[in-house]
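Please look over the structure below.

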Amino acid sequence: MTDAELELLIATRRDLHQHPELGFEEFRTAGIVADRLRAAGYQLKTGVAGTGVVGTLKGGGGPGGTLLLRADMDALPIVEKTSHNFRSRHPGRMHACGHDAHVAIGIAVAERLAKRADRLPGEIRYVFQPAEEGLGGASRMISEGVLEGVDAALGLHVWSGLPAGEVGVVDGPQMASFQDFTITVTGRGGHAAIPHETVDALYVAAQIVVALQSIVSRNISPLDHAVVTVGSLHAGTASNIIAGSAVLGGTTRGFSSATDSLLRTRVTAVAEGVATALGAQARVEFAELVVPPTTNDPALAALVRQVAIEVIGPEFVRSDPSVRTMAAEDFAEFCTRVPGCFFFVGAAEESIGAVHPHHSPFFDISEKALPVGVEVLERAAVAWLTGSAASASVSE
Ligand SMILES: [Zn+2]
Ligand SMILES: [Zn+2]
């Protein structure tokens with residue numbers, strides 16, 4: 001990468017970082033993406049799933065497959081607490097997951113691919129997606145047709161769990177599913193000193209929280225992976241009143257649909273059973289928005305691994321299981337429908353304080369991740385297109 005390219009890449013990321021926009025409100029970001037892609041020669045569709053941008057680049061190098069590349073654009077409702085001079089200028093909004101880096105990398109890759117388009121077979125569909133953070137942006141884009149005619153999909157995430165200069169990519173699940181649930185416990189409120197005339201919903205809720213932890217330890221195989229977390233519990237109004245109701249909010253994570261359905265069944269049975277045993281009722285509801293595991297196609301993962309080795313060397317390309325995470329990503333929506341690969345670009349750098357987890361108000365990335373992301377994604381795209389042309393000519 002030339003110095004000028006790197007300078008532009010960093011400047012783009014810092015500009016986006018200063019102007020974070022929440023899901024489905026990425027108007028400024030989408031405008032920047034559209035201007036740069038249009039100037040590079042892409043055919044554009046804007047307003048896809050609200051604020052999404054889809055750029056099409058037809059190669060001049062003959063027939064081949066269609067490859068979807070995806071960057072997510074949204075920020076989070078967090079007050080940024082870093083001390084950067086390019087920190088968020090919008091209190092209460094922050095690029096605390098690194099999607100500013102994804103957009104900057106995406107634009108740079110799109111521009112590089114456009115420069116060599118006359119020699120590339122096949123077609124690039126570059127998708128800049130709104131609302132990844134729990135709002136269903138990917139599903140909405142798919143329902144508006146972005147996957148029509150697509151043969152494979154690639155995406156990346158800058159990752160605080162890996163040192164800058166490394167890339168992590170596994171075969172199979174790279175990230176987990178998520179299913180959020182709400183449990184409403186109904187008892188009978190009353191006087192704190194006369195408990196035998198009440199059904200204490202707060203006590204029942206506490207027992208449910210504890211019992212739910214038996215699912216991972218006693219229902220899921222020790223060789224599998226799963227998480228059950230209760231993240232909120234609201235009950236009661238005063239110390240001398242027994243609560244008549246309680247509401248718990250939680251989430252489950254898993255690496256397969258079989259695990260997900262077992263988690264659903266067990267969360268429901270445990271909550272209802274504990275409540276009934278203690279004289280209360282529990283109503284368990286799973287949220288409509290469910291994200292499946294982000295599962296990498298082994299052939300595409302091998303391709304990404306190969307180009308990553310060319311860019312950064314084999315010692316910096318990780319494919320051991322510890323690279324995976326139980327966090328979820330709606331890129332999963334693409335790679336459950338077409339072969340896909342989602343890889344991590346290491347972004348941690350202790351010496352500059354880039355050590356905080358995603359979604360922390362102190363979250364920061366090492367900008368060394370940016371050129372690595374560009375080089376690996378661009379080369380992977382070229383390798384895939386070229387390979388797809390080879391297989392197209394074989395089948396002709
Ligand atoms: Zn995130
Ligand atoms: Zn993210």
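The sections below go through a predicted model.

## Zinc site

Three residues coordinate the zinc ion (ligand 2): Cys97 through SG, His99 through NE2 and His157 through NE2. The distances run from 2.1 to 2.4 Å. Along the chain, the donors follow the spacing C-x1-H-x57-H. His99 lies in helix H3 (residues 99–115) and His157 in strand E5 (residues 152–163), so the pair ties together parts that are 58 residues apart in sequence.

Both histidines, His99 and His157, are buried. The zinc ion (ligand 1) is 3.2 Å from the zinc ion (ligand 2). Cys97 coordinates both ions.

## Nonpolar cores

The largest nonpolar core has 63 residues. Leu69, Leu113, Ile124, Tyr126 and Phe128 touch the most other members. Helix H9 (residues 369–395) supplies the largest share of this core, with 11 residues. A second, separate core holds 26 residues, among them Ala201, Ala205, Leu212 and Val274.

Tyr126 has contacts from several parts of the sequence, leaving out residues up to four places away. They include Leu37, Tyr42, Val53, Leu69, Arg70, Val109 and Leu377.

## Thr82 in its loop

Thr82 sits in the loop between strand E3 (66–72) and H3. Is Thr82 buried or exposed? Its relative accessible area is 12%, under the 20% cut-off, so Thr82 is buried.

The side chains of Thr82 and Glu80 are joined by a polar contact of 2.6 Å. Beyond four places in sequence, Thr82 touches Arg87, Met94, Pro361, Phe362 and Phe363.

Methods. Residues numbered from 1 in each chain as written. Chains lettered and ligands numbered in written order. Predicted model: local features only at pLDDT ≥ 70, side-chain atom pairs only at ≥ 80, totals over all residues. Heavy atoms only, no water. Donors = N, O, S within 2.8 Å, 3.2 Å for Na, K, Ca; no water. Helix = DSSP H or I, 4+ residues; strand = E, 2+ residues; numbered from the N terminus. Buried < 20%, exposed > 50% of the residue type's maximum accessible area, 1.4 Å probe, protein only. Core = buried A, V, L, I, M, F, W, Y, C linked by side-chain atoms within 4.5 Å. Contact = heavy atoms within 4.5 Å. Polar contact = N/O pair within 3.5 Å; in protein donor to acceptor, adjacent residues only side chain to side chain.
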